[in-house]
Amino acid sequence: MPFIPHTPEDTEAMLAAIGAPSLDALFDEIDPALKDPDLSAIPKGVDEMTMLADMAERARRDETGPCFLGAGCYDHHIPAAVWDIAGRGEFLTAYTPYQAEASQGTLQLIYEYQSMMTALTGTEVSNASVYDGGSGLGEAVLMAVRARRRAPARRVAVAGACHPHYLAAASTITRNQGIAIDAPCVGADGTADLDALAAAGPAAAVIVQQPNFYGALEPVDEIARWAAQAGALLIAVVNPMALGVLKPPGDWGDDGADIVCGDGQPLGIPMASGGPSFGFLCTRERFVRQLPGRIVGRTVDRAGRTGYTLTLQAREQHIRRAKATSNICTNQGLLVTAATIYLALMGGEGLRRTASACHARTRELVAALAAVDGVRQRFAAPFFHECVLDIGQPADAVAAALARRGIVGGLPLGRFDPELANCLLVCATEKRTAADIDAFAAAMSEALR
Amino acid sequence: MSERTIFDLGRPGRRAAAQHPARGDLGDLPRGHLRGAPPALPEVSELQAVRHYTNLSAKNFAIDNRFYPLGSCTMKYNPRGAHRAAGLPGFLNRHPLAPDALSQGFLSCLYELQETLKTVTGMAGVSLAPMAGAQGEFAGVAMIRAYHDARGDAERREIIVPSAAHGTNPATATMCGYRAREVAVGAEGDVDIAELKQALGPQTAGIMLTNPSTCGVFERRILEIADRVHEAGGLLYYDGANLNAILGKARPGDMGFDVAHLNLHKTFATPHGGGGPGAGPVAVGERLLAHLPMPFVLRDAAGGGYRWADERDCPASIGRLSAFMGNAGILLRALAYARMLGREGMRRVGEYATLNANYLMVRLAAAGFELAYPERRASHEFLVTFRGEAKALGITAMDVAKRLLDYGCHAPTTYFPLLVPECFLIEPTETETKEELDAFVDAMVRIKAEAERDPKLVQSAPHTLPVTRLDEVRAARELKLTNRA
């Protein structure tokens with residue numbers, strides 16, 4: 001029996017100890033009408049070898065050539081050591097560290113993670129993760145509205161181009177609490193339209209993504225100052241890899257962002273169809289009691305030795321129930337483990353090098369593609385690591401033509417904005433070679449002919 | 001040395017150079033956008049990082065190295081084959097927004113998992129989007145709200161939850177803009193039907209139930225409860241935290257539930273990862289089909305290709321819950337596990353999980369431990385209370401839990417559900433051997449003897465781990481949440 005160790009003798013002895021005549025007798029409190037449903041639609045079991053052969057055949061169908069798609073998920077190099085260590089059974093098969101003495105490995109690691117993420121984002125406190133960047137933005141919005149209880153409106157504004165899937169997830173998560181997230185205020189250069197933002201009236205919070213969905217750099221200092229003067233909390237959505245070179249949200253404007261969130265996927269986590277990755281959530285110490293999810297604190301044991309434990313649990317659902325900051329329980333611990341090892345291996349210098357290499361490859365990509373007839377950069381604002389190209393033809397069809405050549409050639413934007421139907425969002429990471437870029441440019445040239 | 005953090009190991013200028021590409025030119029970027037000082041991350045060698053985190057891992061109890069009978073968490077073996085399947089290069093390197101034409105293998109897997117979960121829950125439709133049980137709960141209650149809203153039935157503002165429910169249930173009701181209303185659990189662990197009838201009314205949006213319940217017993221009058229709630233115009237939400245107990249033996253759809261979530265990291269054996277990732281797919285009956293969260297996979301008629309459903313297919317969906325497809329890699333592991341079990345294997349999961357729990361319960365009772373519900377069959381888990389020991393010896397459930405760690409066993413869930421004083425919620429799972437269960441009973445018997453002979457030994461446990469009990473009050477009062485604090 002797969003994964004069940006009982007010999008017939010075991011089963012018999014255990015039933016005898018219980019005083020039950022059969023396994024089925026153990027279910028005698030269940031209404032007979034409910035018992036033994038028809039499962040014939042589920043196939044019979046197979047052994048591991050057969051399962052793996054079938055899965056390998058399906059996985060092979062999805063292998064592609066080079067990937068030039070980013071939009072929140074990036075094809076970075078992952079040091080071999082990251083998953084060799086994160087994949088150890090002691091990390092992989094433990095659970096939430098409720099028994100602190102038996103979980104010091106996970107707890108100290110989370111403490112180190114909190115230290116790294118606050119250093120990276122320029123903030124004071126971090127939780128131990130939420131599910132992903134999109135749902136994390138929803139949690140950030142709920143946090144901001146709680147922290148600004150006396151705000152005139154349960155309205156949240158969006159300064160500039162924020163990932164439409166992030167906004168959709170945040171809206172699903174916050175809508176039932178009477179919170180409205182506005183449509184993004186985007187100007188002609190692909191970044192925030194500050195006049196439109198000001199005209200929209202008072203908001204509890206303002207969301208800004210840096211670099212934004214189009215890869216463009218938002219005027220974050222101006223936006224931070226505007227938010228502070230308007231009495232709105234500033235929620236920053238950031239790519240943690242980009243923070244290797246870009247100004248951290250804690251330094252934006254005069255006083256920094258209030259809440260910083262985003263997706264940790266660029267930090268050593270494979271694309272894997274978008275998950276599992278993890279969402280990070282950092283803030284000022286004065287908002288720490290509004291943070292959802294697990295938080296680890298350093299303390300001492302009875303012998304005075306340093307140790308780590310879950311703390312501020314009175315915020316959480318298992319204590320506070322209906323008054324909790326969120327219903328989140330299980331989060332994305334294993335991915336936090338991978339990201340912590342990744343950040344330890346990269347350090348500040350490695351992160352800076354990787355981020356700058358991504359940007360350099362993207363500039364080469366944009367130059368190569370813009371040299372193709374009919375292709376031009378869509379927005380004038382400076383970009384980082386990702387860029388929108390107008391290719392002069394419906395981008396859906398061109399992306400399909402590139403796919404037939406095995407190239408994942410960027411994201412057609414018409415599905416998000418009909419005005420951008422001829423536009424592709426393209427990206428290159430440090431993994432893309434000059435040959436990859438040449439091949440993409442050649443394929444683009446053919447596809448547009 | 002064990003107290004040092006990764007930051008303490010670093011030296012300025014040291015780095016894991018093999019991982020660092022050549023610097024790229026940033027000359028085109030306005031200076032105002034650039035970072036001044038680099039982030040204060042560790043500066044260590046690759047070996048230092050590998051050694052440090054390997055040593056940290058050794059401080060964890062995990063299923064791979066210990067019996068881990070954590071009630072309501074279903075800490076069973078996580079098959080390595082499933083792990084391998086999810087790590088196949090075609091899956092690992094697939095971009096979430098890759099065109100459908102380049103994703104047929106992945107989409108076929110999700111479609112098959114949707115179909116499997118439909119059958120095993122007895123429901124009409126499945127979305128795999130929720131990323132953990134609590135997000136499945138959120139999706140389920142949001143669908144209940146969407147259903148009432150679509151019918152213009154806006155007066156329904158209450159979600160009923162039993163007092164023994166997981167904290168996520170009332171927290172979810174709040175997130176969906178509802179009031180949580182508690183109903184009591186009776187002396188034998190079933191919901192108090194008389195109180196439930198009183199609670200039901202035109203304000204009832206629905207009820208959230210875990211079955212078998214968090215008391216470790218099957219809700220015997222579930223069909224009557226379903227009728228009463230439906231008569232009142234409410235819908236029933238099934239919290240799948242305990243589905244492992246009845247997998248293949250009984251289905252929420254047949255019990256009258258309108259929506260259920262499954263914890264794939266429990267019932268479908270995906271690894272818990274030190275606190276996630278999980279996955280919390282939702283299965284729904286006909287009433288809620290139109291409101292399923294996105295995305296999910298459709299198959300074109302006549303066995304054609306697979307594609308993502310979009311807004312045009314599902315205009316009344318509650319929407320997205322994440323940026324992409326939830327915890328896709330966990331979904332692949334669950335499918336791999338389901339393929340290896342097959343239909344007959346699923347039935348055995350429920351049977352042997354229940355066998356192990358009942359055996360352990362009977363043996364502990366015979367050894368003199370007090371059961372919370374002695375008249376009842378255990379489901380896949382059961383409750384022991386130490387109220388006698390607490391009164392007579394001053395030994396609490398927490399003391400016993402900590403002493404169990406010294407015996408090399410992870411502690412069961414303690415102090416949950418709240419209505420049973422000084423309790424352990426014990427869930428052995430089907431993947432443990434009889435010998436392992438017998439060893440647990442032996443440890444418990446020895447701890448009981450220690451408690452009678454030398455209570456201080458138990459009260460000051462654990463004695464064999466890297467740290468003894470931690471000062472949690474100090475941790476919360478003097479917040480030290482980073483290395484700079």
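Reader: In which loop of chain B is the place of Tyr415(B)?
Author: This is a predicted model, in which local features need pLDDT of at least 70 and side-chain atom pairs count only at pLDDT 80 or more, while totals for chains, interfaces and linings use all residues. Residues are numbered from 1 along each chain as its sequence is written, and chains are lettered from A and ligands numbered from 1 in the order in which they are written. Helices (H or I, at least four residues) and strands (E, at least two) are DSSP runs, numbered from the N terminus. In these terms, Tyr415(B) sits in the loop between strand 12 and strand 13 of chain B.

Reader: What is the phi of Tyr415(B), which is not a glycine?
Author: Most residues other than glycine have a negative phi. Tyr415(B), although not a glycine, has a positive phi of about 55 degrees.

Reader: Is Ser72(B) buried or exposed?
Author: Ser72(B) lies in the loop between helix 1 (46-57) and helix 2 (80-86) of chain B, and this non-glycine residue has a positive phi of about 75 degrees. A residue is buried if 20 or more other C-beta atoms lie within 10 Å of its own, exposed if 12 or fewer, and partly exposed in between, with C-beta atoms placed from the backbone. Because Ser72(B) has 21 C-beta neighbours inside 10 Å, the residue counts as buried.

Reader: Which residue does a cis peptide bond join to Phe416(B)?
Author: Most peptide bonds are trans. Here, however, omega is about 0 degrees, and the cis bond joins Phe416(B) to Pro417(B).
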